[in-house]
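Please look at the sequence and the model first, then read on.

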Amino acid sequence: MIYRNLKKILASFVLLVLIAFGWFYSISKSDQSVTPVGLSLVEITEQAPLRPLVKINGVEIPVEIATSSADVQRGLSGRLSLDMKSGILFIFERASIYRFWMPDMHFPIDIIWINNGKVVDISKNVSNEFDAKNPRFYMPSRPAMYVLEVNAGFSDRENISIGDLVTLENIDE
């Protein structure tokens, strides 16, 4: 009789341990499904790189960066459009008179030439029409180390002029 009672007590104990284990396991699983999402959101927010910006007269222009020779050669060629408030910034190792042309362009642009923290020239409403036999080149009147391409009309719309101060943010020079 004692043996039978001991067997029932032991079976009840094992059943109780299994129920407790299952309950703790389900709680830990539900906590794990909530916690990683919250942590990953925090991690993404903290690790998200700051977007490169060019500021001219307080106008913030989010930019893509072109530094490699392949990026510089490609530029905006082949693209169907560019966000109306964004641009592409070409960064060169030194200031010079760089020539730009428009092969495979699908939209007109403004080219803003920058050196020593100032706009040194602007080529406005540069046509996307391209004649391979007689290509037209666009160059600044003064050396530039940075070249910003934006949609045609941008410099007029934002009142950007030669001599305006320029700051670069979140850009490794």
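What does the pLDDT of the protein chain average, and what share of the residues score at least 70?

## Confidence of the model

The protein chain averages a pLDDT of 81, and 71% of the residues score at least 70. Here pLDDT is the predictor's confidence in each residue, from 0 to 100. This is a predicted model, in which local features need pLDDT of at least 70 and side-chain atom pairs count only at pLDDT 80 or more, while totals for chains, interfaces and linings use all residues. Residues are numbered from 1 along each chain as its sequence is written, and side-chain values use heavy atoms, with hydrogens and water left out.

Over residues 30-40 the pLDDT stays under 50. The model has one contact beyond four places in sequence for residues 30-40, where contact means heavy atoms within 4.5 Å. Where pLDDT is low, the predicted coordinates should not be read in detail.

## Overall make-up

The protein chain has three helices and seven strands. Helices (H or I, at least four residues) and strands (E, at least two) are DSSP runs, numbered from the N terminus. Starting at the N terminus, the order of elements is α-β-β-α-β-β-β-β-α-β.

The protein chain has 173 residues, of which 31% count as buried. Buried means under 20% relative accessible area, exposed means over 50%, and partly exposed lies in between (1.4 Å probe, protein chains only). Among contacts in the protein chain with a separation of 6 or more, 74% come from residues 24 or more positions apart.

## The sheet

Seven strands make up an open sheet, ordered β5-β4-β6-β3-β2-β1-β7, with mixed pairing. Two strands pair if DSSP finds at least two bridges between them. Strands of a sheet pair through backbone hydrogen bonds, either parallel or antiparallel. In this sheet β5 and β7 (166-169) are the edge strands, each pairing on one side only. On average, neighbouring strands are turned by 30° against each other, direction ignored. Axes for such angles are lines fitted to C-alpha atoms, for helices over the stretch in contact, and angles run from 0 to 180 degrees between N-to-C directions.

Two of the pairings can be followed in detail. Strand β1 (residues 53-56) pairs with strand β2 (residues 59-66) in the antiparallel sense over four bridges, and Lys 55 has Glu 60 in β2 as its bridge partner. Strand β4 (residues 109-115) and strand β5 (residues 118-126) are also antiparallel, over six bridges, with Ile 111 opposite Ser 123 in β5.

## Loops and positive phi

Most residues other than glycine have a negative phi, and most peptide bonds are trans. Which residue takes a positive phi in the hairpin of β4 and β5? This is Asn 116, with a phi near 50°, in a hairpin that has two residues between the strands. Asn 116 counts as exposed, at 72% relative accessibility.

Asp 104, in the loop between β3 and β4, is not a glycine either and has a positive phi of about 60°. Its relative accessible area of 48% makes Asp 104 partly exposed. In the loop between β5 and β6 lies Asp 131, which is partly exposed at 41% relative accessibility. The C-alpha atoms of Asp 131 and Met 102 are 9.1 Å apart, with 29 residues separating them along the chain.

## Aromatic rings

The whole structure holds six aromatic pairs. Rings of Phe, Tyr and Trp (its six-membered ring) pair if their centres lie within 6.5 Å; planes under 30 degrees apart count as stacked, over 60 as edge-to-face and the rest as tilted. Phe 92 and Phe 100 form an edge-to-face pair, 6.4 Å centre to centre with 90° between the planes. Phe 92 is buried at 13% relative accessible area, and Phe 100 is buried at 7%. Both belong to a cluster in which ring pairs link Phe 90, Phe 92, Tyr 98, Phe 100 and Trp 113.

Why do Trp 101 and Phe 137 count as a stacked pair? Their ring centres are 5.5 Å apart and their planes lie at 15°, so the pair is stacked. Trp 101 is in the loop between β3 (87-96) and β4 and Phe 137 in the loop between β5 and β6 (144-151), so the pair ties together parts 36 residues apart in sequence. Trp 101 is partly exposed, with a relative accessible area of 42%, and Phe 137 is partly exposed at 30%.

Arg 99 lies over the face of Phe 137, 3.9 Å from the ring centre. A charge sits over a ring if NZ of Lys or CZ of Arg is within 6 Å of the ring centre and within 35 degrees of the ring normal.
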